[in-house]
Amino acid sequence: MGVDIRHNKDRKVRRTEPKSEDIYLRLLVKLYRFLARRTDAKFNKIILKRLFMSLTNRPPLSIARIARKVAKLGEKENDKIIVCVGTITNDLRIFEVPKMTVCALRVTEKARERILKAGGQIMTFDQLAVKAPTGKNTLLLQGPRRQRLAVRQFGAPGKPNSNTKPLVRSKGRKFERARGRRASRGYKK
């Protein structure tokens, strides 16, 4: 049987629409599908792809991380619109929130309060499409994807130089405390 007749490689595994049935998200998809098709800007294609993503691939972005990026931009580029396809959350670890214009799917209550208090502005994606249809003068940011607690357990624990956390039922005297963990039982790593 030839490779060309085997149909197990036919399906491309990537999202072509969001899993969510949220009508407002679907309207944004319609809008950005149009913009991705009718403009040459890669920006719209990226936004569209990110609108399809699952929640784990759209991690929250804190205002502290945004503030760090805004500070790096300097004075001359301070009017850039920060775009995040996801949620913008508050961060108690920073006291001064700089003035910034953000566009996101969601902004938490406290983050919204602090951004507006600093004289900033919050936009929705349909407003962004009107103001910057090709993504001019924008800065596209993502939250850290590998910050989830589950990521700590990805990999092989116990392997030399591995910092992977073992997946144990409980942490105590009787759990994973034998060989490799005590000098009296073979060796201690």
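Predicted model: local features only at pLDDT ≥ 70, side-chain atom pairs only at ≥ 80, totals over all residues.

Biologist: Start with H1, then: how far apart are its end C-alpha atoms?

Modeller: They are 23 Å apart, which agrees with the 22 Å that the 16 residues of helix H1, residues 23–38, should span at 1.5 Å a residue.

Biologist: Which residues of H1 are buried?

Modeller: Those are Leu25, Leu28, Val29, Tyr32, Leu35 and Ala36. Looking down the axis of H1, you find its buried residues within an arc of 130°, so they line one face of the helix. An α-helix has 3.6 residues a turn, so residues three or four places apart point the same way.

Biologist: What do the buried residues of H1 pack against?

Modeller: Their packing partners are helix H2 (42–51), strand S3 (101–107) and helix H5 (125–131). On the face of H1 turned away from that buried side sit the exposed residues Ile23, Leu27, Lys30, Arg37 and Arg38.

Biologist: And which residue caps the N-terminal end of H1?

Modeller: Aspartate 22 does, with a side-chain oxygen 3.1 Å from the backbone nitrogen of tyrosine 24.

Biologist: Changing topic, how many aromatic pairs does a search of the whole structure find?

Modeller: The search finds 1 aromatic pair. Its partners are tyrosine 32 and phenylalanine 125, arranged edge-to-face, with 6.1 Å centre to centre and 85° between the planes. The pair links distant parts of the chain, since tyrosine 32 belongs to helix H1 and phenylalanine 125 to helix H5, 93 residues apart.

Biologist: Are tyrosine 32 and phenylalanine 125 buried or exposed?

Modeller: Tyrosine 32 is buried, and phenylalanine 125 is buried as well.

Biologist: Now threonine 138, where is its place?

Modeller: Threonine 138 is in strand S5, and it counts as buried because its relative accessible area of 13% is under the 20% cut-off. Its side chain reaches the backbone oxygen of glycine 135 at 2.6 Å. Leaving aside residues up to four places away in sequence, threonine 138 touches Phe43, Lys80, Ile81, Val83, Leu128 and Ala132.

Biologist: What about threonine 164, buried or exposed?

Modeller: Threonine 164, in the segment after strand S5 (138–141), is buried, with a relative accessible area of 16%.

Biologist: Which side chain does threonine 164 join in a polar contact?

Modeller: The side chain of threonine 164 has a polar contact of 3.1 Å with that of serine 162.

Technical notes: Residues numbered from 1 in each chain as written. Heavy atoms only, no water. Helix = DSSP H or I, 4+ residues; strand = E, 2+ residues; numbered from the N terminus. Expected span 1.5 Å × (residues − 1). Buried < 20%, exposed > 50% of the residue type's maximum accessible area, 1.4 Å probe, protein only. Arc of directions from axis to C-beta. Contact = heavy atoms within 4.5 Å. Polar contact = N/O pair within 3.5 Å; in protein donor to acceptor, adjacent residues only side chain to side chain. Phe/Tyr/Trp six-rings, centres within 6.5 Å; stacked < 30°, edge-to-face > 60°.
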